[in-house]
Amino acid sequence: MSERHLPEALAGIRDDFLALEQNERLQLLLEFANSLPELPERYANHPDLLERVEECQSPVFLFVEVDDADIVHVFVTAPREAPTTRGFASILAEGLKGLTVEQVLAVPPDYPLTIGLTEAVSPLRIRGMMGLLGRIQRQVAEKSAA
Amino acid sequence: MAVERDPSPAFAAFAHPERLVSTEWLAEHLGDPGLVVVESDEDVLLYETGHIEGAVKIDWHTDLNDPVTRDYVDGAGFAALVGGKGIGRDTTVVIYGDKNNWWAAYALWVFTLFGHEDVRLLDGGRAKWEAEGRPYTTEVPAPAAVEYPVVERDDSVERAYKEDVLAAIGTVPLVDVRSPEEYVGDRTTAPAYPEESALRAGHIPTARNVPWARAVAEDGTFKPLSELDAIYRDEIGLKEGDDVIAYCRIGERSSHTWFVLTHLLGFQNVRNYDGSWTEWGSAVRVPIVKGAEPGEAP
């Protein structure tokens, strides 16, 4: 993974996970799950605007905005009974917050493999997070090209 | 030292009513000596958000699977795992979980490979417990470890390998418990699940398609015997004395059907092919049929 492209917030989250024992990593993931922001009203009432993330086992929907200053805003929703997926979404939403299009597109696609969760959560489940990141980047690319 | 069985009339008609407990029964027996409640979910964090008081967690992937070989833990690994959860060889184990007990049934099946005698499912799983407004706690119990004997897994009775399935085509009824889309060959994974598990799509020749969820009623409990008979005996023609092999994508949904056929309907020789479509759909030169018809043995 190319360290120089990793945004500071994502690097910080990774370091926080790696500093913990396996079991504590699950607790931190749960904290992320619990702090996933609610959708803003304009999306909460318009599920049709959201894209479904097929790589996740639970119904996850996301929407990406690129504002006039080329700053990316990520909105994700996942049900309460899918805390792992909520945790993944929350990590990405927090880690990508306030970044530019260029910075988001430069995030290495294998970031989810590097945050020390493959053992605690299993590689199979981590693929859901990679799918989420890939779709965010694709939407960002599409929307910034428009 | 087994805990008494649930005498619910709802279970009486099943071949092995002692394999089920109701939510009422469990609520009354929580904390009974000799009983350990186990939660097993698809979502590895769900237990942490809240679980039945005193329940321990066993994860299908991180606990029951070997981390290197595609196989289950061995006798020593299983003994260390369950002994550490306070489960002894004669403990009554009640397993429940999310998604209508998919993963709970899978865990129960793995317990069975190790010959653990008294292992039961909570009928209706997490969904029913929640629907009834029963409480959860986030407090994780710290059971005293007990000595569980090292018993080697016996894969010869309840487990089928790819070679067994190849030899069974045309002679042993095969039940494909995946979604119709997967069976027909439109996709390799359940709708809304990642499309990444197999290189080819379709089903094993002669297999009949009975999606696992057809055994489940609206409230998440198992359907009554008469309805199960109508599906598995009348509709796809399973007969007393039949050997049966069930499969899905990775063996979890077919554990659920294995439970139904073995413990509710009383079939004696039901095997779960845990390699399932993630193995078959990527294996070289095994026969595959596409479309809605079961197809012929090659």
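Me: Among contacts in chain B between residues at least 6 apart in sequence, what percentage join residues at least 24 apart?
Reply: A contact means heavy atoms within 4.5 Å. For chain B of this predicted model, 75% of the contacts between residues at least 6 apart in sequence join residues at least 24 apart.

Me: Before we go on, how are the residues and chains labelled, and what are the ground rules?
Reply: Residues are numbered from 1 along each chain as its sequence is written, while chains are lettered from A and ligands numbered from 1 in the order in which they are written. This is a predicted model, where local features need pLDDT of at least 70, side-chain atom pairs count only at pLDDT 80 or more, and totals for chains, interfaces and linings use all residues; side-chain values use heavy atoms, with hydrogens and water left out.

Me: What is the mean pLDDT of chain A?
Reply: pLDDT is the predictor's confidence in each residue, from 0 to 100. Where it is low, the predicted coordinates should not be read in detail. Chain A has a mean of 88, and 92% of its residues reach 70 or more. Within chain A, confidence is lowest in strand S1 (residues 51-52), at a mean of 74, and highest in helix H1 (residues 8-18), at 96.

Me: How many helices and strands are there in chain B?
Reply: Helices (H or I, at least four residues) and strands (E, at least two) are DSSP runs, numbered from the N terminus. Chain B has 11 helices and 10 strands.

Me: Why does the radius of gyration of chain B agree with a compact globule?
Reply: The radius is taken over C-alpha atoms, and the globule rule is 2.2 Å times the number of residues to the power 0.38. Chain B agrees because a compact globule of 298 residues would have a radius near 19 Å, and chain B has 19 Å. Its C-alpha atoms fill a box of roughly 55 × 45 × 35 Å along the principal axes.

Me: What percentage of the residues of chain B count as buried?
Reply: Buried means under 20% relative accessible area, exposed over 50%, and partly exposed in between (1.4 Å probe, protein chains only). In chain B, 57% of the 298 residues count as buried.

Me: Is Ile231(B) buried or exposed?
Reply: Ile231(B) is buried, at 5% relative accessibility. Look for Ile231(B) in helix H9 (residues 225-235) of chain B. Leaving out residues up to four places away in sequence, Ile231(B) touches Val210(B), Arg214(B), Lys223(B) and Ile236(B). Arg214(B) is 17 residues from Ile231(B) along the chain, with 8.2 Å between their C-alpha atoms.

Me: Which residues does Arg125(A) touch?
Reply: Arg125(A) sits in helix H7 (residues 123-145) of chain A and is buried, with a relative accessible area of 8%. Not counting residues up to four places away in sequence, Arg125(A) touches several residues, including Phe88(A), Asp41(B), Trp60(B) and His61(B).

Me: What is the phi of Lys99(B)?
Reply: Most residues other than glycine have a negative phi. Lys99(B) is not a glycine, yet has a positive phi of about 50°. Lys99(B) lies in the loop between strand S4 (92-96) and helix H5 (102-113) of chain B, and is partly exposed at 33% relative accessibility. Asn100(B) is also found in the loop between S4 and H5 of chain B; its phi is positive too, near 55°, and Asn100(B) is partly exposed with a relative accessible area of 25%.
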